[in-house]
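Subject: Structure handover

Hello,

Here is the structure for you to look at. My notes on it follow below.

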Amino acid sequence: MSSLGRIADAVDAYNAHVSAEVTRARTDAKFAADLRARWAKIRASIETTHSPTGTPLPRLALPPTDEPGAIAEYLFGQGLPGEFPYANAAYREMYLDRETTTGEEPMRLFAGLGLAEDTNARFKHLSTHQKSLRLSTAFDGPTLYGLDSDHEGVLGKVGEGGVAIDTVEDMTRLFAGFDLTRKDASVSMTMNAPAPVILAMFIASAKRRFGPGCVPNLRGTIQADMLKEVQAQNEVIFPIDASLRFLCDMIEWCVPNMPRWYPVSISGYHIAEAGATPVQQAAFTLSNGFTYVELLRARGADVNAIGPRLSFFLDCGLDVEYLVLGRVCRRLWAIGMRDAFGANTKAQVLKLHTQTSGRSLVTAEFQNNLTRTAVELMLSYLNYTNSCHSNSADEPFTTPTEKYATLASHGQSIIMEESGVFKHMMNVFGGAPGLLILEKEVEQAILAVFREMDTLGGVLAAQEQRYQRSKIQEAGHAYEQQIYSGKRPIIGLNKYVTDEPMPSVPLARTSPKKQRLQVERLRAFKKKHAKSAPAALQKLENIARGKGNVFAELINTVEVCSLGQITACLTDVVGKFRPMV
Amino acid sequence: MAAAQKPRPPAPLRILTAVPICDGHDSAVSTINMELARHGFEVIYLGYHCPVDVIVRAALQEDVHVVGISSYNGGHIVFFKEVIDQLRARGARDIPIFGGGGGTITKADERVMQRQGTDRIFHAGTPLADIMAQIRRDYARPLKPNSKLRGDRALARAITLAESATVGAALRRDLSDLRSGQSPSRRKTAPTANARSFVVGVAGPGGAGKSTLIDELTSRFLRQNPTGRIAILANDPSHPDTGGAILGDRVSMIYAQDDRVFFRSLATRGSLTGLSAAAPAAIEILKKSGEFDLILVESVGIGQESDPFRLFGPKGPLVDAMLFVLAPYYGGRLQLQKIGLLNGADFVALNKCDHPMAHTARAEIAARLDVNGKGQRLFGTVAAQHHDPGVDTLYAALADRGGLTVTPGGEKPCQLVVAP
Ligand code: B12
Ligand SMILES: Nc1nc2c(ncn2[C@@H]2O[C@H](COP(=O)(O)OP(=O)(O)O)[C@@H](O)[C@H]2O)c(=O)[nH]1
Ligand SMILES: [Mg+2]
């Protein structure tokens, strides 16, 4: 049995345990009294607050019951916010007004366009109104594929869909003016196959700017989840085992050296956007997460050291399952980590970033996209996501232009700060009947996928047989068929269609002049380091051929080598990924 | 000859699809591919992150009716133009191009692209059924003999004709063209009588690693034969009901994307033998061209009982040697006895030797081959591993049998440490 079978069994066992506790609460007077006492104590500890119109409210909403069975069901089945099994939330308090006025807001907007200085300007614009500094970087195609901007045939893609980064100097331009060592600064980077190189550039650049001692203070996340790349996003450069080795090298280096850094963001977003159903998204994402735990453990890591350093990233679309997807994932992760991997409290908590669904946004009557995103944001917050990106209404056309990026950001502020939904009470909806029904259904469906993958030999074996890919593709095909058969209503596209002409939407595109400028910068860098680069690459190659930690060396290599030079060097050693389609 | 009188269905439309370099958005194209196959089209899919030269080479060698590109990561105006320019430069002005990319390709972009030679863009919101109907309406035309074609395109067209209903006459004429010096050969001299290709059939269950192994063998051929050419014929099944197919072997080739490789995907179009009915003719065309030192023919991953390569061959066996590929999880000794192909194979590759069952499997197969007593050779390979020494040995043995050049050395040893 692969670990997936064990995890599914652990969840069944935990659910049976909850049922047993509920029965005991109803039959064992002593236990019932204890529970009632605990419940009363929790209740008493909850502060009262007032809405702007004077309505008194508890800061934490709990089910209005005193029945021991119901209390047991709640405490063990869902857990208080911040308590095992974390269905309600990762922390006791989130989103409350004092949080959003003094703490960090969940908003984290993904941005990247043109050259480093263009993205830097966008970062400045987006962070003007944020109290904390939460930057999130989108890279362009060549960077995502580890190629230099002067690589044959990529010029047209330079700076499109994200920022072009070739060298450590570009990295310095990207974050110029931001104090990355601030306690409330955090930087996220959507970077995968070349993640070790890009994070090395980030570190090298920070050392240049803030001194060599700054590294432990750097805070943020790099996506680096190679399994979902193989399954859905298709940014794989090296063969899978080599990709996983480079990733594990990076994680192992970060765990002791960058205590505030999340070296992997286990992502379902791309899986869902590629077409997966919500259940498939959750099942593949969680199972990928468990696979990383196994891989790292097999290399000698302690589950309690790595557990807290894993973070997650889910999609949130309009399908009904999204009412509970984050909740169910947190619960399954906690049970799996605790009961199948023996993880302690800190290592059980799934920390979640959510992005509203890009695929749900369409060109037809595109202003409706604002509404779709607003609904998805509500769903994301209902799941108490720890951070959140909202897509812009111009999503189907272009990298967001400033106008729509601003509206997307204001959408979050309107829900969080203007509306009272999340401000006064924590856990407004947890335990609602519809949520409970969905949670059970979704959880069982996820476990069924776990068991199916288990019979195929686990995640990696299933992946080799294209299991995840073919499921995702079938679901994606079905989704499009549903749209064009009218079964899935998309307002303005296949329902209530008006014949308003398509407005022309401003596009964020990178001019050929800028693209050439990037190539010139890169060439100047290569020229400057022409003498030192070969030795640096040789050193890297030697380590890659041996057993050393490639990531530790990359931090030196990037001082004098470009991304493309490094990719080529590593490809020489480990070969190329053979595409899976 | 009752069968011959029945009107033959028109040969399926062959369409090449791909996603540009530095772009991994494949969800749209996967859906389009599935729809195309469902509507009876043959799709040669080149995958995501696909460079221009790979698309152009494939368009020529696969002799497609049309090329469809799905682009999302921007730069489409430049990319489409580059494909068109390279097609024109290689004498394929007549292959049309269309594409899509949701809302990222605007109507204004489309106008620019059309001026540069793109046929049309399927914009966001175009119903799938409309896309299929338009493709059928505008691109389904029979591909005819064309004496103006040169090089790989001429070879490709000859194979197309062999595949289509016109096998008989057209094929004979084409072959005689090839013989009479109108050869698509890149060699200056016409093929001499003793110019000879070594033809190897590759059979084995689906997923055993045939395609991966062929790609690895190709990389060794290219390294060790600095000027020679290799041809690969990859047979893939057609859907029994729709007649469509997604021909996916080409995309998994990372070393075979080279002008010294002629790669052709063949759909079985109803043939149940594991090979297209046109495979014998295609092999003949490739041999006659005198271009290729080595021809590898991959059969469909079925038929462990009968040997697809012995069924054909009007004048004796179709291939000079047969390589049987299997993975360690064939289900134990009893199952092994049932694999009839193990009797006919000249070479047996036990692939996926990184699998825990490999050790046992190797011993069982060796014992079985021993009993056969035909001097069949067994090789343990890990095709998925970069520079696998087992594949080196297998290649050396094949090259030896086929009289191919072997330039030893030249490769760095690799001791990759992998996770965990
Ligand atoms: C799904 C998606 C993803 C998924 C892709 C999953 C996958 N494996 O395909 C994920 C999440 C992984 C992803 C990642 C990225 N994405 Co994206 N993605 C999208 C999204 C939301 C939908 C595209 C889609 O598949 N639609 C479904 C298809 C079926 O419908 P359609 O697009 O309307 O197409 C119709 C027709 O055009 C036609 N069609 C399309 N192609 C073809 C081809 C042929 C041959 C034919 C006949 C017809 C045809 O078929 C459809 C039916 O009519 C778009 C935004 C949007 N809403 O459109 C962004 C979008 C395309 N992505 C974008 C970007 C920037 C990226 C990233 C680069 C982000 C980053 N920096 O990391 C990465 C790059 C990933 C990579 N490897 O290249 C940008 C591109 C911006 C630009 N060009 O200016 C967009 C526009 C979003 C945005 N506004 O920022 N993305
Ligand atoms: N573990 C392992 N996987 C392999 C090996 N060779 C091929 N594969 C994988 O097996 C799958 C099927 O390979 P493919 O070449 O398409 O098989 P075919 O159907 O026989 O052509 C792919 O996912 C390959 O990456 C190997 O030696 N070891
Ligand atoms: Mg194959």
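In these notes a salt bridge is a side-chain nitrogen of Lys or Arg within 4 Å of a carboxyl oxygen of Asp or Glu. This is a predicted model, in which local features need pLDDT of at least 70 and side-chain atom pairs count only at pLDDT 80 or more, while totals for chains, interfaces and linings use all residues. Residues are numbered from 1 along each chain as its sequence is written, chains are lettered from A and ligands numbered from 1 in the order in which they are written, and side-chain values use heavy atoms, with hydrogens and water left out.

Chain B against chain A

One of the salt bridges is formed by Lys352(B) with Glu464(A), whose closest N and O atoms are 2.8 Å apart. Across the interface of chain B and chain A there are five salt bridges. There are also 20 residue pairs in polar contact, both residues at pLDDT 80 or more. A polar contact is a pair of N or O atoms within 3.5 Å; within protein, one must be able to donate a hydrogen and the other to accept it, and residues adjacent in sequence count only if both atoms are side-chain atoms.

On the side of chain B that touches chain A, H2, helix H4 (76-89) and helix H9 (210-224) of chain B each supply at least two residues. H2(B) gives the most, with six residues. Helices (H or I, at least four residues) and strands (E, at least two) are DSSP runs, numbered from the N terminus. By class, this side of chain B has 22 nonpolar, 20 polar and nine charged residues. Here Ala, Val, Leu, Ile, Met, Phe, Trp, Tyr, Cys and Pro count as nonpolar, Asp, Glu, Lys and Arg as charged, and the others, Gly among them, as polar.

In total, 51 residues of chain B are in contact (heavy atoms within 4.5 Å) with 55 residues of chain A. The area buried between the two chains is about 4100 Å², and carbon and sulfur atoms give 59% of that. Buried area is the accessible area (1.4 Å probe) that two parts lose on being put together, summed over both.

Domains of chain A

Domain bounds come from an automatic or database domain assignment. For chain A this gives domain 1 (3-78) and domain 2 (109-485). Their C-alpha centres lie 31 Å apart. The contact takes 24 residues from domain 1 of chain A and 29 residues from domain 2 of chain A. About 2100 Å² is buried between these domains, with 58% from carbon and sulfur atoms. In domain 1 of chain A, Leu4(A), Ile7(A) and Gln78(A) lose the most area to domain 2 of chain A, together 28% of what that side buries.

Two salt bridges are counted between the domains of chain A. Arg451(A) forms a salt bridge with Asp12(A), with the closest N and O atoms 2.9 Å apart. Eleven residue pairs are in polar contact between domain 1 and domain 2 of chain A.

Domains of chain B

Chain B is divided into domain 1 (14-139) and domain 2 (198-402). Between them, 20 residues of domain 1 are in contact with 19 residues of domain 2. The buried area is about 1600 Å², of which carbon and sulfur atoms give 45%. Glu42(B), Arg57(B) and Gln61(B) supply 36% of the area that domain 1 of chain B buries against domain 2 of chain B, more than any other three residues. The interface of these two domains has five salt bridges. The side chains of Arg264(B) and Glu62(B) also meet in a salt bridge (4.0 Å, N to O).

Metals

Donors are N, O and S atoms within 2.8 Å of the metal (3.2 Å for Na, K and Ca); water is not among the atoms, so sites may look incomplete. The cobalt atom of ligand 1 has a single donor from the protein, NE2 of His25(B), 2.2 Å away. His25(B) is in the loop between strand E1 (14-18) and helix H2 (27-38) of chain B.

Asp249(B) lies in the loop between strand E8 (245-247) and strand E9 (261-267) of chain B and Glu298(B) in strand E10 (residues 294-298) of chain B, so the pair ties together parts that are 49 residues apart in sequence.

Regards
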